[in-house]
Amino acid sequence: MVVRISTAKQSGDLIQSPIMSKALVIFSGGQDSTTCLYWAKQRFDDVFALTFDYGQRHRIELESAEKIAAVAGVRQEVLDLGPIFKGLSPLTDLLRDVEQYDDVGALPSGLADTFVPGRNILFLTIAANRAYVLGCESLIIGVAQQDYGGYPDCRQDFIDKMQSAMASGLESDLKILTPLMNMTKSDTVSLGQSLPGCMEALALSTTCYNGAPPCGACNSCLLRAKGFAQAGVADPLLVRLSKVAAEVRS
Ligand SMILES: [Zn+2]
């Protein structure tokens with residue numbers, strides 16, 4: 001528990017009171033939000049995970065999120081958003097295929113077709129409500145400006161504007177924290193290595209847009225593989241899956 005010392009403005013008296021620091025993490029069960037969850041556990045007394053079921057094709061991501069929240073010892077809320085994003089991206093439209101590529105160098109520049117318009121706007125808006133209700137002073141989202149398929153709702157400019165909107169709309173000091181904002185995927189892997197329990201949790205995470213086992217050829221799989229390769233670290237998910245496969249064969 002963190003003990004904070006605050007100064008009462010009117011009396012000038014020094015008041016010492018224990019305050020539980022609380023944070024809410026928008027938690028998908030993927031690599032970035034898992035790293036953010038463990039980053040938050042290092043910094044806050046009480047961490048909550050908020051997971052959205054938005055009809056994503058990679059349903060196993062939701063199972064990963066539940067498993068990781070359990071091993072992390074974090075309370076999790078799963079909110080069903082129904083078909084609100086239906087048809088806007090291959091991630092939410094099962095009739096459209098997720099693009100596959102030969103290697104990371106073949107990834108196109110610009111906005112990826114997996115962009116779900118309005119997703120982070122809605123996620124942050126709903127998460128602001130949950131954070132407010134739970135008494136959290138911080139809201140954490142694992143967006144990053146680099147290595148992402150040009151998603152505009154992963155950029156600092158967007159977060160700054162949402163922060164401003166929340167301050168006006170909630171009249172609250174709720175802060176949006178983006179620990180991965182300026183990190184490469186490789187940096188994120190290194191950060192995960194420094195956080196106790198994080199690599200074990202990453203062995204349970206889901207990144208692939210096609211679900212499990214990872215296809216190894218979608219935008220998300222290729223960027224994850226590039227990050228682990230550049231960091232010189234074996235992906236614990238692939239290590240776990242290869243062990244499972246070896247056990248099945250024996
Ligand atoms: Zn994939």
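This is a predicted model: local features need pLDDT of at least 70, side-chain atom pairs count only at pLDDT 80 or more; totals for chains, interfaces and linings use all residues.

Colleague: Where does Met162 sit, and is Met162 buried or exposed?

Modeller: Met162 is in helix α4. Met162 counts as buried because 21 other C-beta atoms lie within 10 Å, and the cut-off for buried is 20 or more.

Colleague: And Phe158, buried, exposed or in between?

Modeller: Phe158 is also placed in helix α4, which covers residues 156-170. With 17 other C-beta atoms within 10 Å, Phe158 is partly exposed. Setting aside residues up to four places away in sequence, Phe158 touches Pro152 and Asp153. The C-alpha atoms of Phe158 and Ile121 are separated by 8.8 Å, and those two residues are 37 apart along the chain.

Colleague: What about Glu171, which way does its phi go, positive or negative?

Modeller: Positive, about 45 degrees, although Glu171 is not a glycine. Most residues other than glycine have a negative phi. Glu171 is in the loop between α4 and β7 (175-177). Glu171 counts as exposed, since there are 8 C-beta neighbours inside 10 Å.

Colleague: Switching to α3. What span should that helix have, and what span does the model give?

Modeller: Helix α3, residues 119-134, has 16 residues, which should span 22 Å at 1.5 Å a residue; the end C-alpha atoms are 22 Å apart, so the two agree.

Colleague: Which residues of α3 are buried?

Modeller: Arg119, Asn120, Phe123, Leu124, Ala127, Ala128 and Ala131. Looking down the axis of α3, those buried residues fall within an arc of 155 degrees, so they line one face of the helix. In general, an α-helix has 3.6 residues a turn, so residues three or four places apart point the same way.

Colleague: What's on the face of α3 turned away from the buried side?

Modeller: That face carries the exposed residues Asn129 and Val133. The buried residues of α3 pack against β3 (22-26), β4, β6 (138-140), α4 and β7. After α3 comes Gly135, with a positive phi near 75 degrees.

Colleague: Now α2. How many residues does α2 have, and how far does it reach?

Modeller: α2 runs over residues 60-72, so 13 residues, and reaches 18 Å from its first C-alpha to its last, close to the 18 Å expected at 1.5 Å a residue. Its buried residues are Glu61, Ser64, Ala65, Ile68, Ala69 and Ala72. They cover an arc of only 130 degrees around the axis, which puts them on the same side of α2.

Colleague: What covers that buried side of α2, and what's exposed on the other side?

Modeller: The cover includes α1 (31-43), β4 (46-53), β5 (75-80) and α6 (198-202). Ala70 and Val71 are exposed on the other side of α2. Just after α2, Gly73 takes a positive phi of about 70 degrees.

Colleague: You mentioned α1. How do α1 and α5 cross?

Modeller: Their axes come within 10 Å and cross at roughly 40 degrees, α5 being the helix at residues 185-194. The crossing of α1 and α5 is left-handed. Gln31, Asp32, Thr35 and Trp39 of α1 meet Thr188, Leu191 and Gly192 of α5 there. By class, that contact has 2 nonpolar, 4 polar and 1 charged residues.

Colleague: And what do the buried residues of α7 pack against?

Modeller: They pack against α1 and α5. The buried residues in question are Asn219, Ser220, Cys221, Leu222, Arg224, Gly227 and Phe228. α7 is followed by Gly232, whose phi is positive, near 70 degrees.

Colleague: Last one, the big picture: how many helices and strands are there in the protein chain?

Modeller: The protein chain has 8 helices and 7 strands. Of its 250 residues, 36% count as buried. Among the contacts with a separation of 6 or more, 72% are between residues 24 or more positions apart.

Methods: Residues are numbered from 1 along each chain as its sequence is written. Helices (H or I, at least four residues) and strands (E, at least two) are DSSP runs, numbered from the N terminus. The expected span of a helix is 1.5 Å times one less than its number of residues. A residue is buried if 20 or more other C-beta atoms lie within 10 Å of its own, exposed if 12 or fewer, and partly exposed in between; C-beta atoms are placed from the backbone. The arc is that of the directions from the helix axis to the C-beta atoms. Two residues are in contact if their C-beta atoms, placed from the backbone, lie within 7 Å. Axes are lines fitted to C-alpha atoms, for helices over the stretch in contact, and angles run from 0 to 180 degrees between N-to-C directions. A crossing is left-handed if the near helix is turned anticlockwise from the far one by less than a right angle, and right-handed if clockwise. Ala, Val, Leu, Ile, Met, Phe, Trp, Tyr, Cys and Pro count as nonpolar, Asp, Glu, Lys and Arg as charged, and the others, Gly among them, as polar.
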